[in-house]
Amino acid sequence: MVSHPEQSAYRFDAFPARRDEEGVDPRSDAWLDAVNLGFLVPPASPQHRRRLAGWLAADGAVLDAASPESSRPGALQAPVATFADYGKPLTVAVGRELETHLVVYVTVRPTHRRRGLLRRLMERSLDRAVEAGRPLAALTASEGAIYGRFGFGPATSTVTVVLDSSKPFALAAPLVHSVELVSEEFAAQHSVRVFERFHRSRVGSVGRPSSYPEQTLHPFSPTGDADTAVRYAAAFAADGSVDAVLCYRPSGWTGEPGSIEVVDLVAVDTASELALWDFLAGVDMVDTVTWRHAPVDPVLPWAVTDPDSVRVERRRNAVWLRVLDVVEAFSARGYERDDELLFSVGDPQGYAAGAYRLVVREGVGEVERVAGDVPVDLELDAPTLASLYLGGTEGRAVARSGRMREHTPGAAERFARLLRTESAPYGVTEF
Ligand SMILES: CC(C)(COP(=O)(O)OP(=O)(O)OC[C@H]1O[C@@H](n2cnc3c(N)ncnc32)[C@H](O)[C@@H]1OP(=O)(O)O)[C@@H](O)C(=O)NCCC(=O)NCCS
């Protein structure tokens, strides 16, 4: 690391996000300024600061900040690095959640980079996670090369689905839901309920922060201007229950065919999701509908009679996970086949380091730590363990990638098969 003698010492200050009747407390306010500076966006309006601080406070967020012990006259006084974390449940098996430490708002001012601030803030945060008894940590990354060194591995992915709605649209199976445009209030109320049903049933779903549903229904710019172009629709089952809620943004009518962007789509099942696609395909004066947060196994290309009308593109990593407590994490998740393996985990931060025996009988996993001198079937590192944790079908590729060191021939393939699940892990929460 490069030494910067004039500014080598930093003060670290972790505090709860606070907002009261009077407004945002000064520390939270300075921290919010530093965040917008870090993300290269203008400062938030006073009203939006109150909103942001209120959401963070409601989530019980701990804000962390680094400030130089001394700075040059004239240097901006806001913190030079920011970090925040709070707990939310992650679905690790149908109906089973683990409290997960979400890492958000990571910024380091350009003039203070590469001095170990991210490392210090991350170490402090992961220690807080362990103190809070959270067996997993999660984040979303702007760049893939940053977080592996802290034990994070990509664990869920999404794709972009683009429907060419200028072509005739027909579904292979009859619809069972009807769709109506709904008010913002109705969408807000029902998107929370529909999300709860979705969340319980989908491995990889992260509980939504307090910014939902407000932030989705009124997407705010970083300064706090509400996007008023969004519209809402809901899919109703025959008994009148709401099974899916859609928030979408039409590009507007300019004389040329326009487009629609799906901002948020939460559905409890495929039938209700397809009803929303049928609605979207039928909007006149639009020739493309784009959803950037679709699961990697989207059903739409198979549900339409013309598969060429749907493009699936731009697969990207979504949630990065970090296993902090191997025994708790691997005892909680579900398994679709039985086997037994001994594996050891390399972890420079130490949280997951050690050797473990995983025994799965009738889909129930039992994990115990074993002494370090017991011969293991395979060795892997913390990011690889995290990438395999939620299952999906990619484990076989991970097994062949050379990321695991086998001591028993075929152990990597067996481990990946044991952790594999039919459904790809997926969530509709952005954090
Ligand atoms: C990414 C960022 C947070 C790094 O902060 P930093 O304080 O410079 O990082 P550190 O000095 O603590 O570096 C920690 C390690 O990460 C590495 N690293 C830092 N930035 C990196 C990058 N962009 N790509 C790859 N590695 C990176 C460092 O080399 C160092 O590695 P080492 O400890 O193994 O030698 C900072 O550059 C930043 O704020 N970027 C803009 C906002 C952003 O991208 N935030 C992340 C949102 S997910």
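In this predicted model, the C-alpha centres of domain 1 and domain 3 lie 33 Å apart. The domain bounds come from an automatic or database domain assignment, which gives domain 1 (5-134), domain 2 (158-316) and domain 3 (325-419). Residues are numbered from 1 along each chain as its sequence is written. Because the model is predicted, local features need pLDDT of at least 70 and side-chain atom pairs count only at pLDDT 80 or more, while totals for chains, interfaces and linings use all residues; side-chain values use heavy atoms, with hydrogens and water left out.

**The interface of domain 1 and domain 3**

Contact (heavy atoms within 4.5 Å) joins 12 residues of domain 1 to 10 residues of domain 3. The buried area, that is, the accessible area (1.4 Å probe) that two parts lose on being put together, summed over both, is about 760 Å² here, and carbon and sulfur atoms give 61% of it. Of the area that domain 1 buries against domain 3, Val92, Arg96 and Leu98 supply 47%, more than any other three residues.

Helix α3 gives the largest share, 5 residues.

By the same rule, the count comes to 24 salt bridges. One of them pairs Arg128 with Asp85, whose closest N and O atoms are 2.7 Å apart. Arg128 lies in helix α3 and Asp85 in strand β5, so the pair ties together parts that are 43 residues apart in sequence.

**Surroundings of the ligand**

| Residue | Backbone atom | Ligand atom | Distance |
|---|---|---|---|
| Val106 | polar backbone atom | nitrogen | 2.9 Å |
| Gly116 | polar backbone atom | oxygen | 2.8 Å |
| Leu118 | backbone N or O atom | oxygen | 3.0 Å |

Notes:
Helix = DSSP H or I, 4+ residues; strand = E, 2+ residues; numbered from the N terminus. Polar contact = N/O pair within 3.5 Å; in protein donor to acceptor, adjacent residues only side chain to side chain. Salt bridge = Lys/Arg side-chain N within 4 Å of Asp/Glu carboxyl O.
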